[in-house]
Amino acid sequence: MTRREAAVAPRESATGAIYDLGYRGYDGPRLGRRAAFVTLFWASLRAAFGLGRSGRSKVVPWGLSAIMIVPAAVAGAIQALAPGGLSPFNYDNYLWDLQAILALFVAAQAPELVSSDQRNRVLSLYFSHALARSDYALAKFGAMAAALFFLALAPLLVIFFASILVSTDVPAAIGDQLGNLPQIVGSPLVYAIPLAALGMAIASFTPRRAYATGAIIAVFLVSAAVGGILAEAGRGRLSLVAPLINPFVLLDGTRDWLLGASIPDSPVSRADLAEPVFGALTAVLTVIGIAAVLWRYRRIAA
Amino acid sequence: MPLISTQSLTKRYGSSVTALDALTLEVQPGIIGLVGANGAGKSTLLKILLGLLKPTSGSATVMEMDVATRGPEIRQYVGYLPEHDCLPPDVSATDFVSHMGRMAGLPPAAARERTAEVLRHVGLYEERYRPIGGYSTGMKQRVKLAQAIVHDPKLLLLDEPTNGLDPAGRDEMLDLVHRTGTEFGIATVVASHLLGEIERVCTFLLAIDAGKLLQSAPIASFVERTGTLGVEVEDGADALAARLVAAGLTARADGRSVLVDCPDERPYDIVRDVIDEMGLSLTRLEQRRHRLEDLFRAEGRTDDAA
């Protein structure tokens, strides 16, 4: 073949023959669409934590991850120092108590995953490869959901190991704690998937990172405020639906419904609503969010 | 096997803008120059061939695969260099090109190896580990070319590859394009509004204007037809033009210059002899650079003659 020959043919120059090996053909396998999807998913997951990027891009995700873990670690340490003391945290209330950190992570990192490709017009390159537009959208959404899952899972694992280590009877404690595995894995899933859908739906609509971050924070703040005001001041029907306005209340309600343990004195336990209502609304929110991301990437010019 | 063929390909944006107007063409492999003014439909055509845009009507095939139905398959074997910026500033060239190689289906090890090779091929060395944001325009264009060839495409679509480059950078980029196309046998389409560039690197010319095919011919035949000799004299350009016309040439005065059509080499001798006979002071004798306008003028004349 001419290309193979060209690759090793000497190029004449003043100093003699130079063997130019700078470019050669490629005859190996071409992995296609699925491999591209998996690659994009992993690359985006790494990007969500600033891995392989400059130090500056690591500050926010690592800082928030640290803040997410610290309370669980401190509580564990106190239990170790003062045996018998009761930790304020458990698998049920931890993510609810630290919901602000999850919200900030979505607000900061969802735009990180999608805004840059739009602003720098890298999408033209992605879409000129085997990857379909829906593949891109789903890989990015999946990466965000996975990042949130790990962020939420880490402190629950800290509680898990701390509980085992501080107990006097370690084998029994391991047995006890393994029974909590559905909560340890389930709660992060219940939080991660809908939050990623919501965050990506908002972030994918603007190439401006600051706007996206602002919009996501605004949605969380406004919905929490409106929900709170309605619950306090509203009467009758209005205060009945108040808990459904704040996405985090929806998530806690869904967790409560699926994994069965309500947090005392939380909006969900105070609400006069059947638990499946929270689950159904969370599912609707998630589906709408993912549909919005898919719709956006089907329409976007590349 | 035709490399690219289109049948009455039409693309309208909204109801008023027609980017491609029933374009029908067929080209064989080679280095193909796609020339046209800004807005002639060059980028639109490339994007349709890639499947980035859907045509309003008509059809197109690339390597005998229909763009409407086999887009993903086509894209595996096509490299694309967009006209606009398309590089993330916070990633190094190595990481970016390797990532794009993986997107194109290369296994991880092959992607790394080929990234090193193509970056060396385009002339990026130590700087390839630094974030792209700090690169000059010339270096960015090289990265764009590198990501387009990292997966060893069978067809390379380059949209204004010399965009924003200084003259030296243009020469280097054109040389790279020429080498990539000829030595490695990758069929290449170079879209440009500068005919001079097309002429230097391409073997075949497609000229489009307002979405219509203006010309489709090997570059050699085209150059012959519009070759123009510029003769600049100190005084008496008009008289010279008259004498040259009398000698049977097509010539016209243009300020201090006389423009002589050169379909072959005969006019050179005549011009030399006439200037000598008239005793004029010759200040400049040059092969005029072909510009897009020449092409359109030449086309117009052919139409008149027909």
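This is a predicted model: local features need pLDDT of at least 70, side-chain atom pairs count only at pLDDT 80 or more; totals for chains, interfaces and linings use all residues.
The contact between the chains draws 35 residues from chain B and 37 residues from chain A. On the side of chain B that touches chain A, the elements giving two or more residues are helix H2 (71-76), helix H3 (93-103) and helix H4 (108-121) of chain B. H4(B) gives the most, with six residues. By class, this side of chain B holds 17 nonpolar, eight polar and ten charged residues.

Strand E13 (residues 257-261) of chain B pairs with two strands of chain B. Strand E11 (residues 228-233) of chain B runs antiparallel to E13(B), and five bridges join them. Here Glu232(B) has Ser257(B) as its bridge partner. Strand E12 (residues 251-254) of chain B is also antiparallel to E13(B), over four bridges. In E13(B), Leu259(B) stands opposite Arg252(B). E12(B) and E13(B) form a hairpin, with two residues between them. Gly255(B) lies in the turn and has a positive phi of about 70 degrees.

In chain A, helix H7 (residues 133-166) packs against helix H14 (residues 275-299). The angle is about 140 degrees, and the axes are 9 Å apart. The two helices, H7(A) and H14(A), are therefore oblique to each other. Their crossing is right-handed. H7(A) contributes Arg133(A), Ser134(A), Tyr136(A), Ala137(A) and Phe141(A) to the contact. From H14(A) come Ile290(A), Val293(A), Leu294(A), Tyr297(A) and Arg298(A). The contact of H7(A) with H14(A) comprises seven nonpolar, one polar and two charged residues.

Terms used:
Residues are numbered from 1 along each chain as its sequence is written. Chains are lettered from A and ligands numbered from 1 in the order in which they are written. Two residues are in contact if their C-beta atoms, placed from the backbone, lie within 7 Å. Ala, Val, Leu, Ile, Met, Phe, Trp, Tyr, Cys and Pro count as nonpolar, Asp, Glu, Lys and Arg as charged, and the others, Gly among them, as polar. Two strands pair if DSSP finds at least two bridges between them. Axes are lines fitted to C-alpha atoms, for helices over the stretch in contact, and angles run from 0 to 180 degrees between N-to-C directions. Angles under 35 degrees count as roughly parallel, over 145 as roughly antiparallel, 65 to 115 as roughly perpendicular and the rest as oblique. A crossing is left-handed if the near helix is turned anticlockwise from the far one by less than a right angle, and right-handed if clockwise.
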